Amino acid sequence: MQLVTDVPVPPENRYGINMVGGVFSIKSAAGETTRAAWRHAAPSMLPEYIGGSENLLVPAAVEALCQQPPKYNPVVFFGPTGTGKSLLVQLVATRWKRDNKSLRAVLTTGADFARDYAHAIETDSLSDFRTKYRRASLLAIDDLHEIGEKTAAQNELVRTLDVLLANHQRLVVTLPLSPAETTTLVPALTSRLSAGLTVPLQPPGPDARRLILRSLVATRGFSLPERVVDLVASDALTDALKPATVPKLLQTLVRLERFSLDGEISTEAAGATAGRGRWSCTSRGERRTLVQRFAAPRYLDPRRQSVRRS
């Protein structure tokens, strides 16, 4: 039985991008961000962004942001929850900051930008506010839609973007929808964001899911049969995992850690129950659901790549 315990590490290019076939990963670089709140944020589920052919525009966007002057500016990553928008912003910022230690990088959110602007108005410190954002060589705004319908803050951001773009200072933004589809944005802001590179992020495909699962397994420190990885990563479980984002894949692994399939998945997770029989920790209904979903060969039809219902 082949077990997944380690993830091979291919060589990376100068932008931290590893490309193997149609699957790529973007690794973090040592460095700190300038937004204190992000330093105390919960760690990411993965230390790297992993994508496949469904997201091949991502490496080009990252390279464009790191070039001097930037090839595309601004860059907007948009997509549903769990597709790695926030992780991408942090990876880009730390990688860029590592290579440009003397330059300023500012990472914030749409909600925080609006709050900072309101505070600057209330305290008569608008000059300091503008210095902070307009002198940044890299400005990254995560969840820009959280700025809401605060027209004054959006107009201030428009003027800030005009200064940044005129000086070839980088701007990267994340949204759940494209700028044109984000109806809360003022037209001037939509226009400026749409003038750059907009990158749609899709949930990972089967090849990327397989690498994500292996990385999660290595991060969590337990062994998983290769056949289980292949099944969970395949389209056979599309309905159960839809959309098959990293959080959904992690939830699947957590369930696998709780149960032991033939004593092969995780004796540590099964604890004392592992020695008292392989199904001692589950009810009959739970056993059937678990087997149907997670790799019992007699339930899997390899010709149709679907899970049989008995």
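Glu-48 is buried, its relative accessible area being 9%, where buried denotes under 20% relative accessible area, exposed over 50% and partly exposed in between (1.4 Å probe, protein chains only). Glu-48 forms a salt bridge with Lys-27, with 2.8 Å between the closest N and O atoms; a salt bridge is taken as a side-chain nitrogen of Lys or Arg within 4 Å of a carboxyl oxygen of Asp or Glu. This pair links distant parts of the chain, since Glu-48 belongs to strand E4 (residues 48–51) and Lys-27 to strand E3 (residues 23–27), 21 residues apart; helices (H or I, at least four residues) and strands (E, at least two) are DSSP runs numbered from the N terminus.

The model is predicted, with local features requiring pLDDT of at least 70 and side-chain atom pairs counted only at pLDDT 80 or more, whereas totals for chains, interfaces and linings use all residues. Residues are numbered from 1 along each chain as its sequence is written, and side-chain values use heavy atoms, with hydrogens and water left out. The mean pLDDT (the predictor's confidence in each residue, from 0 to 100) of the protein chain is 75, and 70% of its residues reach 70 or more.

By the salt-bridge rule, the count comes to nine. Glu-156 is buried at a relative accessible area of 0%, whereas Arg-159 is partly exposed at 39%. Salt bridges with shared partners join Arg-130, Arg-134, Glu-156 and Arg-159 into one network.
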